[in-house]
Amino acid sequence: MSARLADSSYASRRGALDSSLHRSVVRLVHQQGEVVGVEPRPAAKDPTESDGLGVAPDWFPALMLGHWGAIGLAERVDDVLLGRHRGLMEVLFPKRPADVAGDF
């Protein structure tokens with residue numbers, strides 16, 4: 001994730017990205033093009049109230065594995081909200097080709 005961040009327009013920024021997972025929050029801390037921390041946080045208010053970021057726990061693996069990328073996942077799933085963090089989330093969690101293909 002740091003390499004993606006360093007290679008983006010967000011490279012010179014710093015901040016914390018809080019992702020609501022309903023009952024808890026995952027915070028990604030970044031500065032100068034590097035992810036410097038991942039921290040658990042207590043549950044937050046509804047992310048839709050502040051144009052925030054929320055990912056239902058059952059969709060978090062899809063976000064991490066990147067089949068659709070963050071924006072593509074949010075377009076397909078009502079329970080994935082990127083809010084004002086849409087661009088940064090797509091940098092951190094881009095669409096990635098699958099290593100395994102097939103009909104199961």
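Where is the place of glycine 87? I looked there to begin, and glycine 87 sits in helix 4. Helices here are DSSP runs of H or I with at least four residues, strands are runs of E with at least two, and both are numbered from the N terminus.

**Entry 1: ground rules**

I noted that this is a predicted model, where local features need pLDDT of at least 70, side-chain atom pairs count only at pLDDT 80 or more, and totals for chains, interfaces and linings use all residues. Residues are numbered from 1 along each chain as its sequence is written, and side-chain values use heavy atoms, with hydrogens and water left out.

**Entry 2: glycine 87**

Glycine 87 is partly exposed, with a relative accessible area of 32%. Buried means under 20% relative accessible area, exposed means over 50%, and partly exposed lies in between (1.4 Å probe, protein chains only). I then compared positions with glycine 33. Glycine 87 and glycine 33 are 54 residues apart in sequence and 15 Å apart in space, C-alpha to C-alpha.

Five of them form an open sheet in the order 3-2-1-4-5, with mixed pairing. Strand 3 and strand 5 (80-81) stand at the edges with a single partner strand each, so one side of each has no neighbour in the sheet. Two strands count as paired if DSSP finds at least two bridges between them. I also noted a general point: strands of a sheet pair through backbone hydrogen bonds, either parallel or antiparallel.

I went through the pairs in turn.

- Strand 1 and strand 2 run antiparallel and are joined by seven bridges. Aspartate 18 stands opposite arginine 27 in strand 2.
- Strand 2 and strand 3 are antiparallel too, over eight bridges. Valine 25 has arginine 41 in strand 3 as its bridge partner.
- Strand 1 and strand 4 pair in the parallel sense over two bridges. Serine 20 stands opposite glycine 54 in strand 4.

**Entry 3: the turns**

I looked at two hairpins. Strand 1 and strand 2 form one, with three residues between them. Histidine 22 in that turn has a positive phi of about 75 degrees. The hairpin of strand 2 and strand 3 has two residues between the strands. There, glutamine 32 takes a positive phi near 50 degrees.

**Entry 4: the largest pocket**

A pocket is found on a 1 Å grid over the protein atoms alone: it is an open set of points where a 1.4 Å probe fits, with protein on both sides within 12 Å along at least five of seven lines, and lining residues have an atom within 4 Å of a point. The largest pocket has a volume of about 260 Å³. Of its 17 lining residues, the closest to the centre are Asp18, Val25, Ala44, Lys45 and Ser50. Strand 1 (14-20), strand 2 (24-31) and strand 3 (34-42) are the elements that give two or more residues to the lining. Strand 1 has the largest share, four residues. Volume here is the space filled by probe spheres set on the grid points, which are joined across faces, edges and corners.

**Entry 5: the nonpolar core**

Which residues have the most contacts inside the largest nonpolar core? I found Leu17, Leu63, Val80, Leu82, Met89, Leu92 and Phe93, in a core of 20 residues. Strand 4 (53-55), helix 3 (69-76) and helix 4 (86-92) each give two or more residues to this core. Helix 4 gives the most, four residues. Such a core is a set of buried Ala, Val, Leu, Ile, Met, Phe, Trp, Tyr and Cys residues joined through side-chain atoms within 4.5 Å. In soluble globular proteins, nonpolar side chains tend to be buried together.

I picked out leucine 63, in helix 2 (residues 60-65). Leucine 63 is buried, with a relative accessible area of 2%. Contact means heavy atoms within 4.5 Å. Leaving aside neighbours within four places in sequence, leucine 63 is in contact with Val55, Ala70, Leu73, Met89 and Phe93.

Is histidine 30 buried or exposed? Histidine 30 is buried, at 9% relative accessible area, and its place is in strand 2. Histidine 85 lies in the loop between strand 5 and helix 4. Histidine 85 is buried as well, at 16%. Beyond neighbours within four places in sequence, histidine 85 is in contact with Leu17, Gly52 and Leu53.
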